[in-house]
Amino acid sequence: MGGRPRRAGCRGKMAVVGAWTTLGEPVPAPPRLACRALELGGGKKKRAPWDLKGQVSDLQAELKTYKEEVQQLRKGGQELEEQRQELLARNGDLDRQLQAVKSELHVSQEQAQQRLKEVKELSDLKHQLKQQLTDTTRTNKELEGTNKDLEMAKRDLSALLEAREGDLAQSTQENRELKAQVTTLLQAATQREDQLHQLEMDRRRLHNLVLELKGNIRVFCRVRPLLPSEQEAGKGLEHLHFPPQDNGALVLSRPEESHTGRSCKGNTRYDFSFDRVFPPACSQADVFEEIAQLVQSALDGYHVCIFAYGQTGSGKTYTMEGPDNLDQETLGMIPRAVRQVFQGAQELEPKGWEYSFSASFLEIYNEGLRDLLVGRSDQAPDLEIRRVSQASEDLHVPNLRCVPVASEEEVLKLLHTAKANRSVAKTIQNDRSSRSHSVFQLCIKGYNTDRALRCASVLSLVDLAGSERLKPQSKTERLRETQAINASLSTLGLVILALSKKEPHVPYRNSKLTHLLQNSLGGNSKMLMFVNIAPLEENIGESLNSLRFASTVNQCHIGTAPAHKKGGGGLPRTSDVGGGGKGPGPS
Ligand SMILES: Nc1ncnc2c1ncn2[C@@H]1O[C@H](COP(=O)(O)OP(=O)(O)OP(=O)(O)O)[C@@H](O)[C@H]1O
């Protein structure tokens, strides 16, 4: 009863015990006794039902076997427990090992991560370096190319340098030769300059000599043409004759009436001779041609005075300034002279001369001086003529506007201003301009610093007041004006006469005009008088009057007078040339 299932259970347990652990280690073998007991029980003969004693003895034997078996099993269980404990301990070890391995693995993983990161970085770096290497290689290649080019260029340059060095050596040699030539040329140039300077000084001297031979005072007669209005009125020029063979002769013929005035006794002939006579057809250019030499003298350092003398309406202003509607053809003597002065100064520049100029323009009316370069002011006091200093004979007009000028245009502007100021006066005071002298003065200063020379002169261009005689019916104001004009004109004549006779006393101070021009008259100064003649027969009386005055002047000969000393001022270490100082030529 119940024996078989127990055996089966024993076999089942043994099967379990005989299995391998998960770790693969062998499990100890189960106890063998129990199985033997079973075999015994199975091998015995079945007892008769009555053999109770035998049956009990079998059962006891079987129990004993079972007990032994249990004993054995217990022992085996213990061993198994021990094994289990052992295995658990081993398992713990293994767990720990596993943990350790795991943590090692984790560390390794982290390290691996780190390594991977580093590998990545290194890979990037490698990539960059590779790129750099590529770039560098490319640059290198380029540089190599450039290097080759440079090498070639260097070779070329070396060749060029060699060639240049050769050239340089040759140039240096040539340079030395050229330097020697330059030195020779410079010496020659200096000699030439000296010669040129000498020639210039000779030219000045000879020019002056020529003018002196012509006479330091000369008279030109100019007869103006008939004005359109006069032509319309049928006026003629029959009483005027210009002998073709003599360009300095003028003949006037006047019908002489009998003392009763009823019959004509015939023509009276008046012969005049001047340095030049300009018939009506002569142009401004023709006239200027004759005075150009005088203007050159002014640049050479000689005072030059050019006067226009004649009755009102005879063409004085036209001759000196030109008509109101001025053009290149009709430019008068003043603008032409100014142009020549500036051109002449420029031409003298290469010869070492530098010039400076200043201009003034005044009018003398009723023996009073008025500046034509400033607007009219009735309150303005008349200008006075004064000595520059006690020690000097030189005169000047304090407060007179003396404008530094550097070009022809600047002077023309001044002439324009003067003209405008004169016309204002003309309107305020009926035709005052005809009854006043206008004096344009250009002060010329020349310096030749290389040769320590200087020259200074004044070019005076004077439009004199109308020279007509006093009419018996003249009113007080006109009477005063005419007296003042006549007095100054006759003083001019007397001064010229006194100078020609070399009289010790020259009455400069008898009129404002001669007083003002004192420095520019006499000595080496050059004087030219235009006697302007109106062509009408009705003017013959005034014309004769003017021509006689001019003839007297023309007969005067003013030679080289002892030079009047120039006053102080100027350049201290320079010498004067020209008429303002010790005569022509360098001192
Ligand atoms: N050579 C000439 N050719 C053409 N016209 C002339 C000439 N000379 C003078 N005239 C003219 O004659 C007129 C009078 O001349 P201008 O005014 O020059 O005389 P003036 O002697 O200066 O007179 P005033 O004493 O009144 O100033 C003007 O109309 C002028 O243009």
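A residue counts as buried if 20 or more other C-beta atoms lie within 10 Å of its own. Keep that cut-off in mind. One more thing before we start: this model is predicted.

Take Gly315. It has 23 other C-beta atoms within 10 Å, so it is buried. Where is Gly315 found? It sits in the loop between S6 and H6. Set aside its neighbours within four places in sequence, and Gly315 is in contact with Arg222, Arg224 and Asn532.

Now Gln311. This residue is also in the loop between strand S6, 304–310, and H6. Gln311 has 21 C-beta neighbours inside 10 Å, and therefore it counts as buried. Its contacts, beyond neighbours within four places in sequence, include Gly466, Glu468 and Asn539.

An unreviewed UniProt entry places a "binding site" feature at several positions, among them Gln311, Gly315 and Thr317.

Last stop, helix H5. Where does H5 bend? At Glu290, by about 45°. Buried residues in H5 include Ile291, Leu294, Val295 and Ala298. An α-helix has 3.6 residues a turn, so residues three or four places apart point the same way. Just after H5, Gly301 takes a positive phi of about 105°.

Note on methods: Residues are numbered from 1 along each chain as its sequence is written. This is a predicted model: local features need pLDDT of at least 70, side-chain atom pairs count only at pLDDT 80 or more; totals for chains, interfaces and linings use all residues. The bend at a residue is the angle between axes fitted to the seven residues ending there and the seven starting there. Helices (H or I, at least four residues) and strands (E, at least two) are DSSP runs, numbered from the N terminus. A residue is buried if 20 or more other C-beta atoms lie within 10 Å of its own, exposed if 12 or fewer, and partly exposed in between; C-beta atoms are placed from the backbone. UniProt positions are given in the numbering used here, feature names are shortened, and annotations may be inferred rather than shown by experiment. Two residues are in contact if their C-beta atoms, placed from the backbone, lie within 7 Å.
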